[in-house]
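Let's take a look at this protein together. Keep the picture open while you read.

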Amino acid sequence: MIKYIFISLILVLFISCGSNTSTSSPNYTGYLVDSRVSGVEYTCNNISGITKEDGSFTFNYSCDEITFKLGNIILANMKISSVKTDNIFYITDITQRSNRNDTNNIPVKNITRLLQSLDDDNDPRNGINITQNIRDNIVTNIPYEIGSDKINEQDLQNIVKEADPSKTLISDTKALVHFEQVLRDNNIYVDTVPPFKPYLSNNIISTPSDITIIDINGEQNTKIYLNGIYTNKDINKDGIYNDFELDTSHIKNTFKEFNLTLVDDTNKTSEILKLRIFKDTDDIGNKDKLPASNTTINSPEQFIYDIDITDNSTSYGLDLVYKIEGDDKDLFEIDTTNGYLSFKNPSIAGNTYNIKLTVSDLAYHSVSKDINITVN
Ligand SMILES: [Ca+2]
Ligand SMILES: [Ca+2]
Ligand SMILES: [Ca+2]
């Protein structure tokens, strides 16, 4: 009898201990920040879920570690003792760096590169959103946390490819440019990387104009240098400079080179964006080399016509652009290496097809014509 009472007593104690633990460990809201990251799975004992649009998630101090995951991979296991009092979980926190501005290391680079590469709209500045689709696609088992130095470049590339074949792994410089900007925006000073290499929204190869307009994308608030000289123009807070003017006067039928670099507040310089622009002021050479307005061919030929357009630019290695429009455009194709216009499939005898053909050089000179093709 004494034995039974003893066991009951232990049970009562055990149960009350259990309920005490849950009442003495209230839940908190944390925020996962590279910029705000949604779509990351988290677990802390019996609390689990997916970070919300504002990066928020629930945790308490009953677990030893909070685990952050994407599908089958573990981003980081963070010791609960490392949680900071503001409940913000920067990537430097979840990788347990001793300082929040300790950014330039493999664990932080791995996680920021992966999260930013998998962002649904490829723009981390408006927050990072990882979709259900991407989480579902990551099925490969990797025995290490992404936030460990055992993960290499190839591992990261494989994960991105598995998650979404249309996405590419961004560079560690680009990932840190963004993450360090987020930290600076939150008054945590750090700047360890140069601006990433600028790129254009409108890729210009050839121009007919004396002034050529480009739109430059790069790290926000950096200085734009042209051929090593500060232009007194800066990339704006949205990461772009629109309508930047390049002087393409005084040249003709030749290339001019422009070297663009960006310089940040700490005087670090980006890689050079080399632009090689061809000045083409001449119209398309022989406009009469399009097919006649009414062209007749013998069925069931596929080949229709050799569009033998020449232009001053082609001898400088630049290609012409061929375009087919009109009602029956989907039935035709042009071999851009030789200008051969053909039916994609054997034609139907007795039919007439209507298309509009346009041939352009890369400096916007063009010739076009409406053509009726009748098959005998
Ligand atoms: Ca985004
Ligand atoms: Ca910098
Ligand atoms: Ca031309």
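## Some ground rules

A residue is called buried if 20 or more other C-beta atoms lie within 10 Å of its own, exposed if 12 or fewer do, and partly exposed in between, with C-beta atoms placed from the backbone. Helices (H or I, at least four residues) and strands (E, at least two) are DSSP runs, numbered from the N terminus.

You're looking at a predicted model, where local features need pLDDT of at least 70, side-chain atom pairs count only at pLDDT 80 or more, and totals for chains, interfaces and linings use all residues. Residues are numbered from 1 along each chain as its sequence is written, while chains are lettered from A and ligands numbered from 1 in the order in which they are written.

## The domains

The protein splits into domain 1 (23-185), domain 2 (199-279) and domain 3 (287-375), with bounds from an automatic or database domain assignment. Between the C-alpha centres of domain 1 and domain 3 there are 52 Å.

## One side of a helix

Which residues of helix α5 (residues 153-163) are buried? They're L156, I159, V160 and A163. These sit on the same side of α5 because they cover an arc of only 95 degrees around the axis, taking the directions from the helix axis to the C-beta atoms.

D335 belongs to strand β21 (residues 332-335). D335 counts as partly exposed because it has 13 C-beta neighbours inside 10 Å. I307 is 28 residues away from D335 along the chain, yet their C-alpha atoms are 9.8 Å apart.
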